[in-house]
Amino acid sequence: MPDFESIEAEIVEAIEESGELIISPKNLPTTIHILPLFDRPFFPAQAFPIMMEEEPWYETLDDIAESPHHMVGLVLVNGEPGDELTPDTFRKVGSLVQLHNPSRSDGKMQFIAEGIERFKIVKWLSKKPPYKVKVEYPKQVKRNSTDEMRAYAMAIINTLRDLMQLNPLYAEELKYFLNRFSPNDPSPLADFAVGLTSASGDDLQQVLELFSLIPRMKKVLVLLKKELNVAKIQSKIRERVEERIDEQQRRFFLREQLKEIQKELGIEKDDRTAEIERFQKRLKTLTLSEEAQKQVDEEIQKLSMLEIGSPEYTVTRNYLDWITVLPWGKSSRDRLDLRRAKKVLNEDHDGLDEVKERILEFLAIGKLKEQVSGSIILLVGPPGVGKTSIGRSIARTLGREFYRFSLGGMRDEAEIKGHRRTYIGAMPGKIIQALKSCKTENPVIMLDEIDKVGASYRGDPASALLEVLDPEQNVDFLDHYLDLRFDLSKALFVCTANQLDTIPGALLDRMELIQLSGYIAEEKLAIAKNHLWPRQLERNGVKNSQIKITDAAILKVIEGYAREAGVRNLEKQLGRIIRKTGRKFAEGRKGPIRIGPKVLSDYLGKPYFADEELISGVGVVTGLAWTSMGGATLSIEATKVHGKTRGLKLTGQLGDVMKESAEIAYSYVASHLESFGASAEYFDDAFIHLHVPEGATPKDGPSAGVTMATALLSLASGKTIDRPLAMTGELTLTGNVFPVGGIREKVIAARRVGVMELILPETNRSDFEELPPHIRKGIKVHYAKTYRDVATVVFR
């Protein structure tokens with residue numbers, strides 16, 4: 001290591017002997033060629049190899065070789081290698097260097113540059129390669145404060161000393177520097193010191209452009225201190241890494257020694273033998289198929305011959321691990337007690353009587369067959385009506401394991417059928433993962449959001465599900481990773497969806513459909529009291545004795561804040577009430593809190609839903625619609641815009657099917673006006689505008705046909721509907737009324753807004769009569785075979 005004390009003494013002595021520093025140009029050329037540097041500038045105190053592209057600088061190198069002084073200017077440029085260079089891209093100050101040992105190879109040229117002096121470009125003599133410029137070497141004679149210069153020199157030397165203690169590589173560069181320069185001159189020392197740093201090119205260029213020594217030393221010291229801080233951090237990181245590596249190596253050697261000792265004593269086997277014995281122990285409890293047993297034997301034989309550290313060993317071991325953890329021949333015993341099943345379903349759910357009956361029928365058939373297998377159930381209904389919880393209840397009823405995963409947004413068929421075993425990260429699909437997790441081959445597997453499966457270039461997961469959900473095919477389900485047949489026929493698959501439109505027909509055909517409709521207010525009240533409120537009290541750590549909520553308050557929450565078909569938002573609102581009251585207890589409130597309908601706005605703010613008022617008037621009729629969120633009422637409006645030309649305008653974001661229904665209704669009414677007591681010429685010169693309110697909501701479907709026809713007939717005859725009345729049904733050009741779907745949801749929607757008189761298609765009579773009595777109670781229904789039946793009821 002260099003003697004820093006002697007260097008420091010020599011520099012201080014030189015500074016004290018002369019209070020001025022003279023930088024002279026010596027006998028240096030004033031016309032030179034220049035070469036570009038792209039990362040950082042070159043300093044006069046430096047000497048190291050430089051490599052650059054031969055094209056277009058080989059001519060410059062030839063000219064320098066022919067010059068008497070063999071010197072060239074190195075100048076930092078603004079840009080990247082390959083950019084087009086102009087005089088404006090070159091910095092104004094560079095370093096004059098002497099070239100040594102120039103050479104060319106493979107399109108590159110290399111030389112050793114030895115720094116001589118700073119220069120400043122005065123004039124460009126050539127603006128294209130080879131660049132040639134006229135330069136000057138600024139003289140500067142400046143009296144300096146001896147004490148200040150000595151202080152900066154000592155600070156630089158001390159910082160260098162600290163750097164070399166952290167990185168010994170700097171010591172070699174310092175030795176080379178001392179061989180070329182006298183330590184009595186602080187200027188090269190400053191340049192050398194800043195050249196050791198990893199500062200940015202701009203910061204280094206600023207140092208190069210400082211011809212005055214004191215400002216230069218100030219800037220160098222700042223950059224040197226930053227470098228020292230970085231070196232200290234690197235040293236700490238290196239020490240921590242070395243400590244961890246040393247500890248890992250120590251543990252490795254100790255483990256290896258322990259293994260050798262245990263081998264000598266005959267009490268331990270190597271890793272490969274232990275793995276194989278573990279797999280064989282698992283296999284004794286399984287009942288593999290002949291094909292699977294043969295495959296396992298081959299893989300175990302392969303594993304015994306592979307090196308433990310090879311990638312193939314890891315792939316084979318993981319494959320055997322998956323095969324031996326699957327429940328080959330392991331099944332849980334079904335509990336087919338219908339009384340218990342009914343009790344469990346009633347405990348878990350209020351309402352949904354029709355769904356419970358379907359499930360009990362399904363279990364009854366399983367009891368007669370003494371097994372429940374080969375079944376795929378599809379639960380369809382709006383969000384929040386309990387589809388997922390019903391799946392859990394089915395598993396609880398049967399005493400089976402339950403596994404759920406969502407298909408929403410899935411776009412890769414490998415998620416279902418697994419990845420092919422061609423790379424280290426390959427894995428089986430979700431179905432096999434479910435069997436591994438449940439540890440039985442007859443679990444209840446819920447495939448959530450099956451109507452939201454996507455497709456991409458990776459394949460179509462919906463098509464992959466065809467094999468999974470077909471009782472005739474899933475007996476020999478083939479996962480790409482296992483590449484073995486596994487029997488899925490004993491598993492019970494329960495799928496959920498919000499709508500049927502996006503489910504492929506071939507997939508829908510394989511499932512048994514169970515519809516879940518929305519809840520009416522009375523059902524929501526029972527669910528809130530028996531399930532939602534107690535669950536939210538438990539989640540928020542509040543005792544039942546601390547908060548009491550009245551039935552009237554819950555009903556107001558249902559009507560004003562959570563009017564959707566399901567109960568998910570209702571639970572959120574109840575949770576908000578409990579959190580706000582819980583805060584009062586946390587702030588010191590004593591005694592129980594009673595929540596009635598009058599104080600709800602203090603907890604939940606203003607109601608989201610106002611009481612729906614049915615629009616009435618000439619050309620206004622209330623219809624019933626079905627959406628993925630449940631049933632809804634729609635007021636359809638018709639008006640005459642002017643009497644100049646005949647025409648029909650439709651608004652309200654109507655879909656193609658609904659537009660066709662409107663045109664059919666218009667044609668039918670226009671051709672039968674006289675038979676309904678209206679002027680036969682009314683539409684001849686009338687421009688009619690038909691609108692369905694809530695224009696921001698897209699609407700489609702054929703069920704508004706009779707409603708649109710009634711609105712047009714009301715407009716043409718000038719008659720209004722004198723009572724709350726709603727209707728639904730598809731209309732044909734001949735006036736027949738065809739059936740529609742979603743009767744339960746539409747009846748619930750009508751009851752919710754207080755409409756107790758309905759007109760339904762005659763062919764939907766059985767759908768209404770199958771509804772539970774509490775939904776049908778108080779509702780008067782008129783059935784229509786043709787539109788004339790509708791007109792007779794509407795206009796008396």
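Predicted model: local features only at pLDDT ≥ 70, side-chain atom pairs only at ≥ 80, totals over all residues.
Student: How many salt bridges does the structure hold?
Tutor: Side chains of opposite charge can pair when their charged atoms come close. A salt bridge is a side-chain nitrogen of Lys or Arg within 4 Å of a carboxyl oxygen of Asp or Glu. The structure holds 31 salt bridges. In one of them, Asp-62 meets Arg-104 at 2.5 Å, N to O. This pair links distant parts of the chain, with Asp-62 in helix 2 (residues 58-66) and Arg-104 in strand 5 (residues 93-105), 42 residues apart. Helices (H or I, at least four residues) and strands (E, at least two) are DSSP runs, numbered from the N terminus.

Student: Is Asp-62 buried or partly exposed?
Tutor: Buried means under 20% relative accessible area, exposed over 50%, and partly exposed in between (1.4 Å probe, protein chains only). Asp-62 is partly exposed, at 34%, and Arg-104 is partly exposed too, at 40%.

Student: Which residues are linked with Arg-278 in a network of salt bridges?
Tutor: The network links Glu-275, Arg-278, Arg-282 and Asp-321. Within it, the side chains of Arg-278 and Asp-321 meet at 3.8 Å, N to O. Arg-278 lies in helix 8 (residues 271-283) and Asp-321 in helix 10 (residues 311-325), 43 residues apart.

Student: Which residues form the positive surface patch?
Tutor: Patches are made of residues with over 30% relative accessible area and no salt bridge, like charges being joined within 9 Å and nonpolar side chains (Val, Leu, Ile, Met, Phe, Trp, Tyr) within 5 Å. The positive patch is formed by Lys-225, Lys-232, Lys-236, Arg-240 and Arg-244. Glu-239, Glu-242, Glu-243 and Asp-246 form a negative one. Helix 7 (residues 213-265) holds Glu-242, and Lys-225 is also placed in helix 7.

Student: What does the side chain of Asn-442 reach?
Tutor: The side chain of Asn-442 reaches the backbone oxygen of Ser-332 at 2.8 Å. Asn-442 lies in the loop between helix 15 (430-438) and strand 11 (444-448), and Asn-442 is buried, with a relative accessible area of 4%.

Technical notes: Residues numbered from 1 in each chain as written. Heavy atoms only, no water. Areas by Shrake-Rupley, 256 points an atom, 1.4 Å probe, with all protein chains shown as cover. Lys, Arg positive; Asp, Glu negative; His and termini not counted. Charge placed at Lys NZ, Arg CZ, Asp CG, Glu CD. Polar contact = N/O pair within 3.5 Å; in protein donor to acceptor, adjacent residues only side chain to side chain.
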